[in-house]
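The stops below follow in order.

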Amino acid sequence: RLPTRAGSSVEPEERSMEPPVVPEEEEEEETSLPAAPGPAGCQLFGYVGIEAVLDQMKIKTMKTGFEFNIMVVGQSGLGKSTMVNTLFKSKVSRKASQPGQEERIPKTVQLQSVTHVIEEKGVKMKLTVTDTPGFGDQINNENCWDPIIKYINEQYERYLREEILITRKRKIPDTRVHGCVYFVPPTGHWLRPLDLEFMRRLSKIVNVVPVIAKADTLTLEERDEFKQRIQEDLKTHAISVYPQEDFDQDPEDRVLNDRIREKIPFAVVGADQEHQVNGKRVLGRKTKWGIIEVENPAHCEFPLLRDLLIRSHLQDLKDITHNVHYESYRVRRLNESNRP
């Protein structure tokens with residue numbers, strides 16, 4: 001029995017070394033469980049094809065196309081129609097009157113919408129341009145922004161009615177205004193009360209992008225001084241124009257939008273005629289002193305406006321319209337309908 005006792009005494013010693021090992025493994029398993037969703041648990045050991053989702057989205061978007069609705073607001077003679085035609089390099093905006101006819105200033109603000117389908121490299125875009133002839137052209141411009149606010153809210157209401165139906169359409173027609181380009185007259189002074197009141201009211205329901213119209217009538221010094229005065233006016237009256245600081249999602253967006261905010265309002269020049277410059281055909285305005293090239297950043301800031309509206313922030317304009325402006329309208333309307 002002694003050897004067996006000795007043997008048994010040896011075996012517990014060997015077994016006594018094993019129990020601490022088991023908890024360690026259990027502890028490792030317990031600690032590894034929360035770490036599974038982390039980066040270490042998401043490593044792929046081969047090609048899966050997840051990146052093909054981007055190609056699928058691109059193909060679907062190219063087939064269905066997308067919609068973009070823009071509104072231009074300003075006094076007559078500031079080049080709104082010419083600017084829109086320059087923006088999309090096509091005759092998308094119609095003049096208020098045909099050549100040879102007398103142009104009459106409407107007694108009230110009238111809204112005219114023109115819809116075109118533009119295609120570039122297989123991508124289709126349904127573009128709707130809304131003009132506001134008669135805005136600011138009267139002696140008494142009191143409440144001249146009411147028809148514009150009414151029109152924007154009507155488009156929200158139309159989208160809301162389609163959205164709350166029991167059997168909804170797969171794709172609801174989107175007529176909401178995604179961006180409003182406001183043309184400031186190139187006076188070189190401060191903003192007028194009409195400009196301030198319009199942007200104060202409209203910036204709460206739509207993305208407002210102010211621009212200095214016909215900037216070629218100002219010198220470079222006058223342009224910079226006028227731009228600083230406008231920025232001071234906007235800051236003093238707490239008017240938030242696009243891109244709004246509150247909606248910057250990450251530091252990279254904030255850095256990019258800060259650069260844009262430093263340039264706002266853009267000093268733009270529109271032209272729908274081509275001229276020969278150094279052997280190239282360019283869009284521009286011909287004067288006695290030379291040709292003002294519209295797409296030349298040294299001459300005007302039209303390229304910055306085009307990049308903002310189309311190349312870099314078009315989808316962001318649509319997202320903010322849907323997630324912020326339309327959402328606030330939807331909440332207000334549903335609260336009104338739920339009241340006893």
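Predicted model: local features only at pLDDT ≥ 70, side-chain atom pairs only at ≥ 80, totals over all residues.

Numbering starts from 1 along each chain as its sequence is written, and side-chain values use heavy atoms, leaving out hydrogens and water.

Select 52–64, helix α3. Helices (H or I, at least four residues) and strands (E, at least two) are DSSP runs, numbered from the N terminus. α3 has 13 residues and spans 19 Å from first C-alpha to last, close to the 18 Å expected at 1.5 Å a residue; that expectation is 1.5 Å times one less than the number of residues. The number of buried residues in α3 is zero, so the helix lies largely in the open. Buried means under 20% relative accessible area, exposed over 50%, partly exposed in between (1.4 Å probe, protein chains only).

Stay in α3 and pick valine 53. Valine 53 is partly exposed, at 39%.

Go to lysine 121, in the loop between β2 (112–120) and β3 (123–131). Its phi is positive, near 55 degrees. Lysine 121 is exposed, at 81% relative accessible area.

Next, asparagine 143, between β3 and α5 (146–163). Phi is near 60 degrees. Most residues other than glycine have a negative phi, and most peptide bonds are trans.

Finish at the cis bonds: tyrosine 242 to proline 243, and isoleucine 264 to proline 265.
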